[in-house]
Amino acid sequence: MERQDYTMPTLLQYENVAWYEKGTVRILDRRIYPRKIKFVICQTYQEVAQAITDMVTQSAGPYTAAGMGMALASYQCEGLPFEERVAYLEEASYKIANARPTTANRMRLITEKCVIVGKKALLNSEDPTEAIKQTTIDSLNHRYFTMNKVAKFLIEKIPDEGTVLTQCFGETIIGMLLREAIEQKKKINFYCTETRPYLQGARLTASCCAEMGFETTVVSDNMIAYLMSTQSIDLFTSAADSISRDGHIANKVGTYQLALLAKYFSIPYFVTGIPDSDKKDRSSIKIEMRDTEQVMELNGIKHTLEGVKAIYPSFDITPPELIGAVVTDDGFYSPYDLDCYFKVHTENHFY
């Protein structure tokens, strides 16, 4: 398959997400992009797992980093007997997959597949490191190709010269939606929420939109009611880190309140992504609690007095009654009818 990152913005070109080469994995540091363009160089798979935990890469970036990290793990255990190499890969799979708890189920799909590929390569006297790297690239191609289908459905709901509100950084769907709009010669204006505390919307989503030539406006997270009451917003859209079968979605914290406002102002909210076959209901979604220091500072500058406390749930959960539809590679599904998706796809095929 042709590489699916053609014409993609800087952030979504494969080598700029995460890339294994000669015993290292380099990951573009999205915590500081676009103020600085810097790569974190990982010498071990443990460092890759830590980089994922530390949010060096976010959104779908960790899925690529996970696969490249598994290639690095394979390199690290070169020279060990067969059984010990397989055990080493299994240990790496567990550590990398659990680097961030909310998406551990999706990460396991990637890392466990890498174990299978590596083991098969060893049995066939092939290079397991290159085999794992290649399967990661194949997975990237498949994911981009799949989300391109999603983008084709979503763009149907956006009028020419329409206005879209985004939340956080939807990574692949953002890139594919932008490319699809260019190919269809459809003009779209974007409002991007700033997305505290890491500013992913301002730094990442807005950067992709602007780089691709779209009119892009950043708004802080507490401006949304004002925005919706004074501007014409055609739809609100976000990706999702988890989509349970009963229609609850987990996405960057703040999504729930945007969905509430969209409902109040009669603005449709479309969630993009593939439902999780192993997430039965809301109770299946685990919310990751992160270091509260990240709330009390911005760009390394602390802005609270000593003794002030904070909380940082990385995600919140939006219930199905606030979601207009879940946009998949098969089209639009009611959040109350996601089980029907699995009548066509018997398992999660996204990775």
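Predicted model: local features only at pLDDT ≥ 70, side-chain atom pairs only at ≥ 80, totals over all residues.
## Helices α2 and α3

Let's start with a pair of packed helices. Two packed helices are described by the angle between their axes and the distance between the axes. Here, helix α2 covers residues 45–53 and helix α3 covers residues 61–76, and they pack at an angle of about 165° with their axes 8 Å apart. An angle over 145 degrees counts as roughly antiparallel, so that is the label for α2 and α3. As for handedness, the crossing of these two helices is left-handed.

Who does the touching? On the α2 side, the contact is made by Tyr45, Gln46, Val48 and Ile52. On the α3 side, Pro62, Ala65, Ala66, Gly69, Leu72, Ala73 and Gln76 take part. Sorted by class, the contact of α2 with α3 has 8 nonpolar and 3 polar residues, with no charged ones.

## Helices α6 and α7

Next up is helix α6, residues 128–154, together with α7, which runs over residues 172–183. Their axes come within 8 Å and cross at roughly 55°. Roughly parallel needs an angle under 35 degrees, and roughly perpendicular starts at 65, so α6 and α7 count as oblique to each other. In this case α6 passes α7 in a right-handed crossing.

From α6, the residues in the contact are Arg143, Tyr144, Met147, Asn148, Val150, Ala151, Lys152 and Leu154. They meet Thr172, Ile173, Met176, Leu177, Arg179 and Glu180 in α7. The tally for the contact of α6 with α7 is 8 nonpolar, 2 polar and 4 charged residues.

Most residues other than glycine have a negative phi, and most peptide bonds are trans. Which residues are joined by cis peptide bonds here? Proline 34 sits in the loop between β2 (24–28) and β3 (39–42). Another cis bond links arginine 196 to proline 197, again with omega about 5°. You'll find proline 197 in the loop between β5 (188–193) and α8 (200–211).

Then there are two lysines with positive phi. Lysine 22, although not a glycine, has a phi of about 50°, and its place is the loop between β1 (18–21) and β2. Is lysine 22 buried or exposed? Its relative accessibility is 74%, so it counts as exposed. Lysine 185 isn't a glycine either, yet its phi is positive at about 55°. That lysine lies in the loop between α7 and β5, and at 73% relative accessibility lysine 185 counts as exposed.

## Threonine 102

Finally, have a look at threonine 102, in the loop between α4 (82–97) and α5 (104–123). Buried means under 20% relative accessible area, and threonine 102 has a relative accessibility of 1%, so it counts as buried.

What does threonine 102 touch, leaving aside its neighbours within four places in sequence? Its contacts are Ser242, Lys279, Lys286, Ile287, Glu288 and Phe315. For glutamate 288 there is a further detail: its backbone nitrogen lies 3.2 Å from a polar atom of the side chain of threonine 102.

Note on methods:
Residues numbered from 1 in each chain as written. Heavy atoms only, no water. Helix = DSSP H or I, 4+ residues; strand = E, 2+ residues; numbered from the N terminus. Buried < 20%, exposed > 50% of the residue type's maximum accessible area, 1.4 Å probe, protein only. Polar contact = N/O pair within 3.5 Å; in protein donor to acceptor, adjacent residues only side chain to side chain. Contact = heavy atoms within 4.5 Å. Axes fitted to C-alpha atoms, helices over the stretch in contact; angles between N-to-C directions. Parallel < 35°, antiparallel > 145°, perpendicular 65-115°, else oblique. Left-handed = near helix turned anticlockwise from the far one by under 90°. Nonpolar A, V, L, I, M, F, W, Y, C, P; charged D, E, K, R; others polar.
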